[in-house]
Structures are given as C-alpha cells and as structure tokens.
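Welcome! Take a moment to look over the sequence and the model below, and keep them open while you read. The briefing that follows goes topic by topic.

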Amino acid sequence: MNTATEAAPAPPVDSQPLSESAGGRRFRIAEYAGFVPALVLYGAFFAVPLGIIVAYSFWKVVDYNVVHQWTIDNYRYFFSVATYVRTLWATIWVSVLSTVLTIAVAFPFAYWLVRYVPKRMQRTLLVLVILPFWTSYLLRVYSWLNILGDQGAINRLLQWTHLTDHPVSFFLYDRPAVVLVLVYLYFPFAALTLYASLERFDWDQFKAAMDLGARPLTAMRRILLPQIKPGLTTAVIFVFIPILGEYLAPQLVGGARGVMIGNLIVNFFSGAEYTRGAAASLLIAVLIIVLLVIFRRSLEIKDPYASGR
Amino acid sequence: MSVYERRVTRAGLLKAGAAGAVGLTFARPAFGGLTQLEATTLNWLTWSDHYANDQLAAVAKKIGIRGRPTLFSDNADAYLKIKRTGSQFDIVSGDALWVPKYHKDGLTESFDLSSLPVSKQLFSIARSFPFWKDGSNYMGYPFSWSTVQIYYNPKYVTTVPDSWHALLDKKYAGKISLENIPTDVMAIAGRATGAKKPYSMTSGEISRAKAFLKSFKPNVLKLASQNNEVVRALADGSAWIGITNLGTDDRVKDAGGPVVKPAYPKEGTVGFIDSEQIVKASKNKAVFEKFINTTEQAPWIAKNFLTNGRPLFNEKAWKLLVNQGHGDRAKRLLYNQPQKALQMTIKGPAGDEQAYVDAFNEVFGA
Amino acid sequence: MPRDAEIVSRRAGLVRFALGGWAVLIYVFLFAPIVLLVAFAFNANKYGTFPFTGWTTKWFGQVFGDYQIKDAFFTTVTIAAEVTAISTLVGTAAAFPLVRSRLPFRTGIRIGMTLPIMIPGLLIGVSLLVLLTTVFKWELSPQTAVIGQAVYTTPFVLLLVAARLQGFDPALERAASDLGANTARRLRHVVLPLIMPAVFAGALFAFTLSLDEFIITNFLIGARNTLPIYIYTQVKFGITPEVNALASLLLAASVTLIAAAFLLPPAIRRVRRLRPSALRARS
C-alpha cells in the first residue's frame, strides 16, 4: 500500500537516478559507496566467521586443537547419537508448536485491536504489549519459575482452591514449560506483525461480503485470510526461525527434558568440541537459510510511514 | 508540516539522549572512580559458594581491590576457559587433582604459602597436601572440601537410598537434582557400576557408567549449574533427592524448605578439595596475595560455613564458630576433621576427558 | 430482515465480548511475570520466592551500594552507545544504495540483510569467538562484544531507514536538484532531515537491543560484566531479591524514558507557543 509507488508510474527503484542528471559514470560508483562500511563489518565479522564454522564442521579436533583434516565425521557422529537426533527433532516440533500457538494467541488479539478498539487507544494498547520487552529477557523467563514452580503461583492457586492437594510438577522443567515461555516471549512479534497487516486490510470488503449474504466466518476465510497471508507469513517467519535457535529459555525452564539444539551447540563449544558444535550449528543454519529462501517474498521492505489506507 | 515538526522535536530529544550516551563513552576517563576500578579489579573464575557479595564489598572498601567473579560449574569448563582466554582472569578456583593439571599445563603459578599471613589460620594438614606441593611452593590457597552424597526428603522417599542404584527407582521420575558436572557425574556412575578408578575408567567401564546414566536420566529433574539451584529445588519440593555437598540439609532448612537427610551410598562416592589459584598470564599477580589475605580471613570463612554448610580449611574460623555456639553443627559436618578429606576419592580430570564428556553428552544431550 | 439483524448483532456482540475477554487474558498473561518480578523486589523473603514474608525497600538500597552493579551498568551503557553509533552509521549508509541503486541479486541481498537477525545469536557469538580468539588472536573485551552486537543490530537500522527511504518522494529531491543543489547538498538539506525520524528510530532500536543483549555478549566480553550478564549470574545464584530490585529500577527507567519521549515534545511545543516571540512569529 505504498502511495509513492501507486502515484508514480515508476518502479520502486528510481528509474532515473538523480546522479545521472548530475554527472554520469563517475557517480555510479559513488552510489555504491554507502555499502562499504557494511561490507567491511559483515565481510570480516559475519561472513568470514560463518565460513570458518562451515570449515570447522568438516575438520577434526585433536587434543583441544582444531586439525585441518577434511572429514564428514562430525555429521556422522551427530546422527549416530540417538539423543542428539531426538533433540534436533524435538527442537523442530517445539518450534512448530510454539509458532502455531503464538499465532493462534496473537491473531484474535490483533483482530480485536483493529476492529473493536478506537484508533487513538490502539497505539497505547500496542505500547502496553511491548512494555514487558523493557524488562530484562532473563528476568521475564526467570519470573515464570515463580509462577510455574512447585511453590509457584499456579500450584498455590490450585491448592488454595482445593483442585489438587499437592504440588503438580507438570508445569516446570519440561517441554510444556519451554513452549509456554516461548509463546510468552514471541507473542509481541506476532501481535505487532499481525496488527500491521490487519490494519491495512480494507474492512469495507468484509462488510460488502456480509451484505452479499456471506456469514462472518466465510467472509473471513475467503476475503480476510488470503489478503493478510503475507503478514501471516511474515509473522510465522519472525517467530519460527528465532525459536529454532533458542537456548536460554530451555536452559532456564526446560530442565533435563526440555533440551533444544541450541543447548547442545553451547555445550559443544564450551567443551572445546568446536568441530561438533560447528556441525550442529550448520544443520540449524542451513535449515534457516532454506526457510528464508522459500519465504523470501516476506522479506520485502515495506515503508511503515506510508499511509496505506 | 506539524507532523514533521513533531517528529523533529521528538528526534531532538532522542538526539540529546544519544549525545549523552556518546558523551559518557568519552567522559569515562573523567570518572576517576572508574579508572580506579579498572586498575585494581581481579577477575575471579569461581563457584558461587566461594564468596559473598557483602564480603567482596567489604574487601574492596578495605584494600581497594575489587573481586569480579565469573561463575562456572565444571572444572573442565574452567580449565578450557583459562586455556583460551589468556590474561582475562586473575584467579581461578579448582578442585583437588585439577590443580596439578592446571600447573603442569602452565596455566597457573605456584606461590609461597607461608608468605601469606592468613595461611597461618589454616589447618596444618591443608598446608601440606602432597599433590599441591611444588617444591617449597604451593599451587593453590586451600578453601573448602566436601563429599558428594545423596540428600533425600524422607516425606516422599520412604526407604533410605543407601545405594546409587536405589536412585534408579521409577517412582523418583523427575525428582532428582544434581550439578551439571559431566566428569564427576560420570565418576559417580563409575562408582555405581564398580569401576576401580572412577577418574580413569577403561572404555568398558565408561560404557557401563553410560548405561547406568541412561537409566538414571528419566529421574533427573534438572542439571543445576550451581549447588544453590539444587538447594532451591529441594527447598521448594520440586526435587525429592539431591546429589550434592555436605550441609545441604541446613541450607534447605534455611531456605524455608523441608527436612532432608543425608544418605551415603555403599558403593562409595567422590569428593572435592578446592583452592584458589593464580593464573599465570594474569596481569595482577602482585595483588593476589593481598586480596586472598583479606578475603580468606576467619570471620568471612565462618560466615561462609554458616551459609553454605560444607567444611572449610580455616582452623581459626572453626574456633570462631565454636565460640558463636555453632560448634555442634560444625562438628556434625566434620569441620574439625580435615584429614577425612584425604580419605575421599577426590575429584580430578579424567584420564580420557573427551570420552567422559562424550558419554555424558550422549545421555543428557546438553 | 430485522430478525436477521438482531441475530447478527447478538452474535456480533458475543464475539466482541469474547475477543475483549481474550485481550484481557492476554494482558494478564503478559504482565503477570512483570508484576511478580516487581512485587518480589519488595519481599522481605531473601530467597525471592513465595511466601511473602514482609514488605521492605532494603533491596533497592543494596542495588545502589553494589559496586558490581555499578560496574556492569557503566559497561552496558558504554557498549550500547558504541554499538548504536556503529550500527546507525553503517545501517544508514547502506540503506541508500540498497534502495536507490540498481542491484544484481536483489533477493540474495535481501536475504543476506535479514540473515544476521535470523541466524541465532548463539551462532554469531560462537563464530565470532572462534574468529577473534583463534584466528586474530585478540583478547576478549567489551570492544569485541561491541562488534558482535553491531553485527546483530545493524540490519534493524538498515531496514527501518531503507523502508523510509523507499517511501521517500523523489519529487522533493528533483525539486532541490532543479534549484541547483548537488548530491551532497541534496543529501544534507533534503534527504537526511526527512529520514531523520527513521534514523533515530533505528538508533533507539539498536540502543534498546544492545542494552538487553545477553547471548552474543556473553561469548565475546571475556571477564567483564554487562547488566544482562550480571543478572544471569544472579539468576543462577538465585539468592536475594536484589536482582528483582535492579530489574524494577531498569523497568521504571525505561518507562520514564519512553513516556518522556512521547509526552515531552508536545508539552514543550505548547509552552513555546505561549511565548510572545512565537505569537509574534505567527501573526
């Protein structure tokens, strides 16, 4: 909904670069000058280190030192240990589950915010959603220990209402706790993205559909969802991919059973098992890159200042 | 235009804020207190029960040397960290047979123990552990010791667990907490499966230990990174059994938790003797002695005992504790019998460290 | 017809009520840990857990007297300032060619731009650790942490500025050019002032991200502490509510800053408008 692109027939990239009118070939190179600092930063401190990790995943560690011997042993080792493979699968399905739940929780909220809340209150309510972000991530996760733990708020409530007579340990130190905390942590991402998308939707179409006899659910399915699909996809991407690499939340509330692949990677690297850690890292990194390529259209830059509607 | 006006004014405020932050960076040298901080800070790689925040504050006030602790749980991790980070750390705490390893690999420096006045407060036996001697020097300043045994909550654990195998009982599923120290957990598993030397197991013994851990895993609630976490798990009831140091029963009670009792598995267990070592590459070696001299004084050690419950090597602190009326408790926890420390299977690096860590990881994942 | 409208409005009312209730639950869900966190800062129980044994403010006093916290605070703010400076400069500079030049492999570049955000911070930390200690053989320090954080925060600045730049009306620049401005003057007097909001939004965002950054920093900072690292240590230590007090103070500070950023400018303008000089300028 970029008015600039709608108003001018020119494509998003200025078809008549101003520099051309000002001086010709020379300025072409200068145009790209803005990239130089970024290239230095990312060349030296992002691409190269990752390249080293890729290389490491194919080398060996002998006596705490990395030896430049090419081998796929690290990968073979990783897949030969049942625990590691299970952890990899668990990571993927925990991420899927967390993402689905996050979107399921965030969508009705975003819908409510756009449809039923007066415009001027919307911003305040959104700020309230982001406000928890202003507390330390670690402490927010840590607070859940006090809610989920055996002596925590939930158990106390259950016992106080006599629904149980002794603490229920289900809530903590296992995968459900990890999923819950992840949903809690990533809810704002999903809510904001879905809000932005729903906000751009033309609700008159909705009304028109209903006037034409469609029931609300049908209208939603056939009019709303297809149009917010890009926003939905973006929300999924921005929740699912980071969760794949999570290791702090599982470490703090996951206990012995809530281990995710991030924990494994940290463990390998702390123990100087660089090559194995590199192999595990690469598995996740490749998965992430594949997903980014598949969903590349969700990464389009959209002007948040454009008055879409 | 008002929209832009508003944005610019808000931006103006942000500009001021940013300028302030950048100004802080360059004004840093002007903060006299801070340069002092950087000049006399000792980076201390240690366990959480080796210090107390008020102790560090008092020491800093007294002699102007600030200790900055970084925590770790496994000796193997600390060893690797020191190996990798050169002069980042000044002091590193280490257990028993790890100390000679640090020294042999050139990571730490030995010093003349008797040149530290506070060392006279130590039990004499602590000043002459043969494996810490380096000629007339000593490789570390002795701090504390303990066996690692089972503590259980008798309310839920009705039969006394007098064997490591008792912990495999399915009714303890998800109810056991222990520290995340792969080498030592493997050693305990080795003890449980009859390995002759838990810290130098043969590959057959390692596999047996690993199999034991595999059956043990479903009963593990949490692999804690410091023993406070084990105490907390026992205190709030989420764990019924803890594998941890002496004095846990007192600590659990202190944390408002239930009564827990110790149990000594018949297969035997491991134990630690720890010390503070000077990192060889440290740039602040000159102040090590001053720092230790102030930090390891008897009153602090006595307080440390009351907080953490396991015995320490400071004999003067023992006398203080008796005078303060805690003699019984200290006696119960073997404070005045440091010679017992030598009777334990003391912790150390494994013969094949990699195999130990691999076996552990392959069971627990991470 | 009227009956249909009745049914629809009843159902609509039900939906509205249900959704409103859901939103309330959401806010409870979001704020419960925060409220608990702040509440425990006043709990006399030194273990920072239930039960509530009494009200006290002594933990707040402890925060101000603790030199470890002061040290961590200064390190955190210094690093944040440096990271903000770097990412704002690098990100803003890179936004221009990204939006305005003909680029080959647009998609590849787009993916490459978001990669540092999408790749787990863990990988950034670990790979940089390997590079800096093994290959470059540098000592870890707050500056190495700055590098790691800058890699992570720059794409945010880049995306914000690029988005604004994309929506920038080229007619404004063409007008300036017609009036004789060269590239540099156009940039300085036309483009930059108008994209400043996005640049500052990006800078603020980078600053915020840096303040709470833990994972990358933990790998790269060596023996120093930032507030998140200090908090992590204390969380593991888990003894006193001093950490809760610290977190409450940080929360209060952030809320005040944001409130000031939003409420102060209109207030200032209102005051300015009342001044005689402004009145004279108006007429």
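## How chain B is divided

The C-alpha centres of domain 1 of chain B and domain 2 of chain B lie 25 Å apart. Please keep in mind that this is a predicted model.

- According to the domain assignment, domain 1 of chain B is made of 41-143 + 280-297 + 310-339, and domain 2 of 146-271 + 347-364.
- Where these domains meet, domain 1 of chain B contributes 17 residues and domain 2 of chain B contributes 19 residues.
- On the side of domain 1 of chain B that touches domain 2 of chain B, helix 4 (75-85) and helix 5 (98-104) of chain B each provide at least two residues.

**Chain B as a whole**

- You can find 14 helices and 13 strands in chain B.
- Chain B has 366 residues, and 52% of them count as buried.
- If you take the contacts in chain B between residues at least 6 apart in sequence, 75% of them join residues at least 24 apart.

**Strand 3 of chain B**

- How many of the five residues of strand 3 (residues 91-95) of chain B are buried? Five of the five are, so this strand is largely enclosed by the rest of the structure.
- B:Ile91, B:Ser93 and B:Asp95 point one way from the strand, while B:Val92 and B:Gly94 point the other way, and all are buried.
- Strand 3 of chain B pairs with strand 1 (residues 41-46) of chain B in the parallel sense, over two bridges. Here B:Val92 is the bridge partner of B:Leu45.
- Strand 3 of chain B is also joined to strand 12 (residues 270-279) of chain B by five bridges, and these two strands run antiparallel. In this pairing, B:Gly94 has B:Ser275 as its bridge partner.

**Strand 8 of chain B**

- Strand 8 (residues 176-179) of chain B is covered on both faces: B:Ile176 and B:Leu178 on one side, and B:Ser177 and B:Glu179 on the other, are all buried.
- Four bridges link strand 8 of chain B with strand 9 (residues 220-224) of chain B, in the parallel sense. Within strand 9 of chain B, B:Lys222 stands opposite B:Ser177.
- Strand 10 (residues 241-245) of chain B also runs parallel to strand 8 of chain B, and three bridges join them. In strand 10 of chain B, B:Gly242 is the bridge partner of B:Ser177.

- Now turn to the contact between chains: 74 residues of chain A and 72 residues of chain C take part.
- Which helix of chain A gives the largest share of the side that touches chain C? The answer is helix 4 of chain A, with 12 residues.
- The side of chain A that touches chain C has 53 nonpolar, 14 polar and seven charged residues.

**Helix 3 of chain C**

- Helix 3 of chain C contains 34 residues and reaches 50 Å from its first C-alpha to its last, close to the 50 Å expected at 1.5 Å a residue.
- This helix is mostly covered, as 26 of its 34 residues are buried.
- C:Val83 lies in helix 3 (residues 67-100) of chain C. Is C:Val83 buried or exposed? C:Val83 counts as buried because 27 other C-beta atoms lie within 10 Å, and the cut-off for buried is 20 or more.
- Leaving out residues up to four places away in sequence, C:Val83 touches C:Val146, C:Gln149, C:Ala150, C:Thr153, C:Ala206 and C:Ser210.
- C:Val83 and C:Ile147 are 64 residues apart along the chain, yet their C-alpha atoms are separated by 7.5 Å.

**The largest nonpolar core**

- The largest nonpolar core has 261 residues, and A:Val181, A:Val253 and C:Val161 touch the most other members.
- Helix 10 (residues 175-200) of chain A gives the most to this core, with 16 residues.
- Beyond its neighbours within four places in sequence, C:Val161 is in contact with several residues, including C:Gly91, C:Thr92, C:Ala95 and C:Ile195.

Definitions and conventions. Residues numbered from 1 in each chain as written. Chains lettered and ligands numbered in written order. Predicted model: local features only at pLDDT ≥ 70, side-chain atom pairs only at ≥ 80, totals over all residues. Contact = placed C-beta atoms within 7 Å. Nonpolar A, V, L, I, M, F, W, Y, C, P; charged D, E, K, R; others polar. Buried ≥ 20, exposed ≤ 12 C-beta atoms within 10 Å, placed from the backbone. Expected span 1.5 Å × (residues − 1). Core = buried A, V, L, I, M, F, W, Y, C linked by C-beta atoms within 7 Å. Pairing = 2+ DSSP bridges. Domains from an automatic or database assignment.
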